[in-house]
Amino acid sequence: MRAARLIKMVLLLQARPSMTGPELAQELEVSERTVARDVLSLSEAGVPVYADRGRSGGYRLIGGYRTRLTGLGRSEAEALFLSGVPSALREMGLADAASAARLKVSAALLPELRDAATGAAQRFHLDAPAWYQEPRTPALLPAVAGAVWDDRRITARYLRKDTEVERQLEPYGLVLKAGVWYLAARAQGDFRVYRVDRFTAVEVPDGRDVPDGREDGGEDGAEGPTGGGGRFIRDEAFDLPTFWAERAAQFARSLLREEVVVRLSAHGVRRLPHVTERAAAEEAIDAARSGDGPDAQGRLTVRLAVESAEVAYAQLLGLGPEGEVLHPPALRERFAAAARRTAALYA
């Protein structure tokens, strides 16, 4: 514990020209007396820590005592600090580790690059949660994150509709999407996606090795590649960003089970991707343009995939007079009735 604190003190003094006793005490979460004793220990160990006396005094390193990362430019240093997502790291229980890593990198940078962390933080910020939603960190997220980092198989109980089921999973990666955490895991030989906030229990193996190199109790008898101590061997071909993009597109497409026909003005064509599922809207517009194209009035008739007639009604109302629903008849009549009520309101 003390050795780690001494190392952190050296790194703090490398990262800054000088620090007062109270500043070091606050950073290290110790008393000023402990700071003074630690400085003495460092001096005795050959680390050139110098104490300036007086009101503006403090501790500093002398003689250019520092380690440096060579070959690291400003843009690279800024990108390195930008790569951290503080809120996500905090929720996964990795805030302390990330802070220590950033401190070590800061201490090793050349003096003229020391402002890279501040420069990046002041220019870019990721606000992961969606609007009008109170972000809630799943209670079991740190346990799941630990298993992901350590490549350990987990036994998870989660809610599937109104039923609680148990599965053995090989957790490959975590994704934070609009404030919701998802786990990409292999189960029964296939990669699947699970919402972490639906987990009710997570059990991580205690690290005991199985003699034959396999873990007992594969899901439904399935056995995948595993390692000892509850660990599994990752499929090196698995790429989390690519997997997530493909699954997200598949999920969005799977929701679009019905089709409506809409006649759009030029402004309606521009507005459609903003009121409905963007990919489906753009696909419908491209197909219509490559087909018959706009009619004599300049309107484009598109066949749009939608989740349901009810959802289409709520979405397409946003087009107002820039969109005319042609099919199905029941939905067209519903829009006509809405138009009559609106006209009566403004009569």
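Helices here are DSSP runs of H or I with at least four residues, numbered from the N terminus, as are the strands. By that count, Thr276 is found in the loop between helix 10 and helix 11. The model is a predicted one.

A polar atom of the Thr276 side chain lies 3.0 Å from the backbone oxygen of Leu272. Leaving aside neighbours within four places in sequence, Thr276 is in contact with Ala281, Leu304, Gln315 and Leu316.

Leu272 leads back into helix 10, which spans residues 266-275 and in which Gly268, Val269, Leu272, Pro273 and Val275 are buried. Seen down the axis of helix 10, these buried residues fall within an arc of 165°, so they line one face of the helix. The face turned away from that buried side carries Arg270 and His274, both exposed. The cover over the buried residues of helix 10 includes strand 8 (258-264), helix 11 (278-290), strand 9 (300-306) and helix 12 (309-316).

Helix 2, residues 21-28, can be read in the same way. Its buried residues are Gly21, Leu24, Ala25 and Leu28. Down the axis of helix 2 they fall within an arc of 100°, so they too line one face of the helix. Helix 1, helix 3 and strand 2 (58-61) are among the elements that cover them. Glu29 follows helix 2 and has a positive phi, near 60°.

Two of the elements that cover helix 2 also pack on each other: helix 1 (residues 2-15) and helix 3 (residues 32-44) meet at an angle of about 80°, with their axes 11 Å apart. Helix 1 is therefore roughly perpendicular to helix 3. On the helix 1 side, the contact involves Arg2, Arg5, Leu6, Met9 and Val10. Helix 3 contributes Thr34, Val35, Arg37, Asp38, Val39, Ser41 and Leu42. The residues of this contact divide into six nonpolar, two polar and four charged.

A further loop, between helix 8 (141-150) and strand 3 (154-160), holds Asp151. Which residues does Asp151 touch, not counting those up to four places away in sequence? They are Gly230, Arg231, Phe232 and Arg234. For one of these, Phe232, the C-alpha atom is separated from that of Asp151 by 5.9 Å, although the two residues are 81 residues apart along the chain.

Methods: Residues numbered from 1 in each chain as written. Predicted model: local features only at pLDDT ≥ 70, side-chain atom pairs only at ≥ 80, totals over all residues. Heavy atoms only, no water. Axes fitted to C-alpha atoms, helices over the stretch in contact; angles between N-to-C directions. Parallel < 35°, antiparallel > 145°, perpendicular 65-115°, else oblique. Contact = heavy atoms within 4.5 Å. Nonpolar A, V, L, I, M, F, W, Y, C, P; charged D, E, K, R; others polar. Buried < 20%, exposed > 50% of the residue type's maximum accessible area, 1.4 Å probe, protein only. Arc of directions from axis to C-beta. Polar contact = N/O pair within 3.5 Å; in protein donor to acceptor, adjacent residues only side chain to side chain.
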